[in-house]
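Good morning, and thank you for coming. Please look at the structure on the screen while I go through its parts in turn.

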Amino acid sequence: MDHDPDRLTLWPSYFDVRRSRRSGRRVAKDAAVKKPDLEGLYNAARAVGLRKIKREANTARPSDPHAREGRLIVSRSGAEADAGASSKEEIMQLIGGQWRQMQKDQRNDEKEAQKRGPRIGDKRARSQRKGANRARAAQ
């Protein structure tokens, strides 16, 4: 593979909150996420505004050859034009912050949906919910 100075490689493990900086996390904990995957990284990069992106699934990071997590290849010039980030660190911080916010929003939506309960026409979920209420009332 030829070296291209315009090409930046981002691995999902750069954004793993469970990893230490020494074991490969490249962003601050407030920009890191739980259970990073290639699809989430791609969606966060698109949400930041990056357009010149290429996904390569089943690619292993050289420092962790057994984990085939995949990688995202970003154009440095495209990132500077689209998001205004000139360095790899800035790009990773932007993507990490956006990805973390997306995960928080998804968790909040799931909690609200659970509080609302099942839809009116969903008989199976309603019946399961009634059983759970009866169990709580019996206690």
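**The sheet and what packs around it**

I begin with the sheet, which is open and has 3 strands in the order S1-S3-S2, paired antiparallel. Strand S1, residues 7–10, and strand S2, residues 53–56, stand at the edges; each has a single partner strand, so one side of each is left without a neighbour in the sheet. On average, and ignoring direction, neighbouring strands here are turned by 25° against each other. Please keep in mind that this is a predicted model.

Now to the pairings themselves. S1 and strand S3, residues 71–75, run antiparallel and are joined by 4 bridges. Within that pairing, Arg7 has Ser75 of S3 as its bridge partner. S2 and S3 likewise pair in the antiparallel sense, over 4 bridges. Here Lys54 stands opposite Ile73 in S3.

Which strands does helix H1 touch? Helix H1, residues 38–48, packs on the sheet and touches S1, S2 and S3. The direction of H1 makes about 180° with that of S2.

Let us return to S3 and ask how many of its residues are buried. The count is 5 of 5, and S3 is described as mostly covered.

At 1.5 Å a residue, the 29 residues of H3 should span 42 Å, and the end C-alpha atoms are 42 Å apart, which agrees. The buried residues of H3 are Lys88, Ile91, Met92, Ile95, Gly96, Trp99 and Gln103. What covers these residues? The cover includes S1, H1 and helix H2, residues 76–82. After H3 comes Gly117, whose phi is positive, near 85°.

Finally, the chain as a whole. It has 4 helices and 3 strands, and along the sequence they follow the pattern β-α-β-β-α-α-α. Of the 139 residues in the chain, 33% are buried. The accessible surface of the chain comes to about 9500 Å², and carbon and sulfur atoms account for 45% of that surface. Among contacts in the chain with a separation of 6 or more, 56% are between residues 24 or more positions apart.

Notes: Residues are numbered from 1 along each chain as its sequence is written. This is a predicted model: local features need pLDDT of at least 70, side-chain atom pairs count only at pLDDT 80 or more; totals for chains, interfaces and linings use all residues. Side-chain values use heavy atoms; hydrogens and water are left out. Two strands pair if DSSP finds at least two bridges between them. Helices (H or I, at least four residues) and strands (E, at least two) are DSSP runs, numbered from the N terminus. Axes are lines fitted to C-alpha atoms, for helices over the stretch in contact, and angles run from 0 to 180 degrees between N-to-C directions. Contact means heavy atoms within 4.5 Å. Buried means under 20% relative accessible area, exposed over 50%, partly exposed in between (1.4 Å probe, protein chains only). Accessible areas come from the Shrake-Rupley method with a 1.4 Å probe; for residues, only the protein chains shown count as cover. The expected span of a helix is 1.5 Å times one less than its number of residues.
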